[in-house]
Amino acid sequence: MADERVYIDPWSPGTDHGPILEPVELYALGENVKVRINPCLTGEDKKKHDFVYDVADGRAMSHEESAAVQKYYDEPASLPRLTQLVIYTKLAPWVTVVRASVHDRGVTVGDCCESLKSCYAKPITQEEWEALPPRVVASIQRSLSGSMQYGGYGVTHSPNGAVNIKRFNWLMQRTVCSFLTVDDKYAEKRFGYRAPNLFLMDFTE
């Protein structure tokens with residue numbers, strides 16, 4: 001008798017669809033595990049190329065793109081499913097630690113979106129601002145001064161001395177998530193180690 005059980009897409013939302021690995025379990029497996037990133041986050045699947053997410057305002061650029069984000073929101077961000085992953089970019093010094101909001105389904109695409117939004121909504125510290133090269137400071141100031149969102153006031157300082165701009169301002173116009181990739185050589189150079197749940201993200205306008 002033929003087996004007529006329905007095949008479930010491995011990227012389908014839900015709980016208990018596969019092993020959920022903690023970081024220590026993932027690292028212990030070493031070379032025996034290859035983490036795959038959801039195709040909507042890599043741009044590899046042409047059917048999922050409509051995924052666009054802006055960390056500056058936490059939404060997509062159009063109604064159609066917002067619908068696409070929501071469509072993939074509950075899908076796992078990786079296979080095997082993980083309880084934690086780390087996203088970083090060459091454009092900024094911060095890393096985004098993404099933890100599963102629901103343990104039994106692992107980190108989802110939505111968890112990545114919400115964590116990126118929260119990370120880049122934090123204010124830049126005075127020390128971080130002063131560490132920027134003068135030409136970059138000038139570029140950010142021009143970007144802020146020309147934005148109606150900030151009333152044309154440019155960069156000012158709050159009473160506690162911190163600049164009144166957010167991390168996404170550091171990115172200037174490049175706040176739209178591009179695609180996640182793995183770059184072990186760059187990770188080792190920057191962090192001193194490589195890991196299967198350490199993902200590099202670029203941003204575009």
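## From the surface to the sheet and its helices

The protein exposes about 11700 Å², and carbon and sulfur atoms supply 53% of that area. The model is a predicted one. Of the 205 residues in the protein, 42% are buried. Eight helices and eight strands make up its secondary structure.

Four strands form it, in the order β6-β5-β8-β7. The sheet is open, and its pairing is mixed. The edges are β6 and β7 (176-181), each of which pairs on one side only. Neighbouring strands are turned by 30° against each other on average, direction ignored. As a rule, the strands of a sheet pair through backbone hydrogen bonds, either parallel or antiparallel.

Strand β5 covers residues 84-88, and strand β6 covers residues 95-99. A hairpin of six residues joins β5 to β6. The two strands pair in the antiparallel sense, over five bridges. Which residue of β6 is the bridge partner of Gln 84? It is Arg 99. Further along, Val 86 has Val 97 as its bridge partner in β6.

Strand β6 also has two faces. Thr 96 and Val 98 lie on the covered face. Val 95, Val 97 and Arg 99 lie on the uncovered one.

Leu 180 is buried, with a relative accessible area of 4%. Its surroundings come from several parts of the chain. Leaving aside neighbours within four places in sequence, Leu 180 is in contact with Ile 37, Leu 41, Thr 42, Ile 87, Phe 199, Leu 200 and Met 201. One of these, Leu 200, is 20 residues away in sequence. In space, Leu 180 and Leu 200 are 5.5 Å apart, C-alpha to C-alpha.

Helix α4 (residues 109-120) lies across β5, β6, β7 and β8 (198-204). It runs at about 140° to β6. Helix α8 (residues 184-191) lies across β5, β6 and β8, and runs at about 85° to β5.

How many of its 12 residues are buried? Nine are, so α4 is mostly covered, with buried meaning under 20% relative accessible area. The buried set includes three cysteines by name: Cys 112, Cys 113 and Cys 119. Val 109, Gly 110, Asp 111, Ser 115, Leu 116 and Tyr 120 are buried too.

Helix α6 (residues 134-145) also has 12 residues. It reaches 16 Å from its first C-alpha to its last, close to the 16 Å expected at 1.5 Å a residue. Val 136, Val 137, Ile 140 and Leu 144 are buried in α6. Seen down the helix axis, the buried residues fall within an arc of 105°, so they line one face of α6. What covers them includes α5 (126-131) and α7 (167-170). The face turned away from that buried side carries the exposed residues Pro 134, Arg 135 and Arg 142.

Last, the backbone has some details to check. Most residues other than glycine have a negative phi, and most peptide bonds are trans. The bond from Leu 79 to Pro 80 is cis, with omega near -5°. Pro 80 is found in the loop between β3 (78-79) and β4 (81-82).

Asp 16 is not a glycine, yet its phi is positive, at about 60°. This residue lies in the segment before β1 (20-21). Is Asp 16 buried or exposed? It is exposed, with a relative accessible area of 61%. Met 172 is not a glycine either, and has a positive phi of about 55°. It is found in the loop between α7 and β7. At 29% relative accessibility, Met 172 counts as partly exposed.

Key. Residues numbered from 1 in each chain as written. Predicted model: local features only at pLDDT ≥ 70, side-chain atom pairs only at ≥ 80, totals over all residues. Heavy atoms only, no water. Buried < 20%, exposed > 50% of the residue type's maximum accessible area, 1.4 Å probe, protein only. Pairing = 2+ DSSP bridges. Expected span 1.5 Å × (residues − 1). Arc of directions from axis to C-beta. Contact = heavy atoms within 4.5 Å. Areas by Shrake-Rupley, 256 points an atom, 1.4 Å probe, with all protein chains shown as cover. Axes fitted to C-alpha atoms, helices over the stretch in contact; angles between N-to-C directions.
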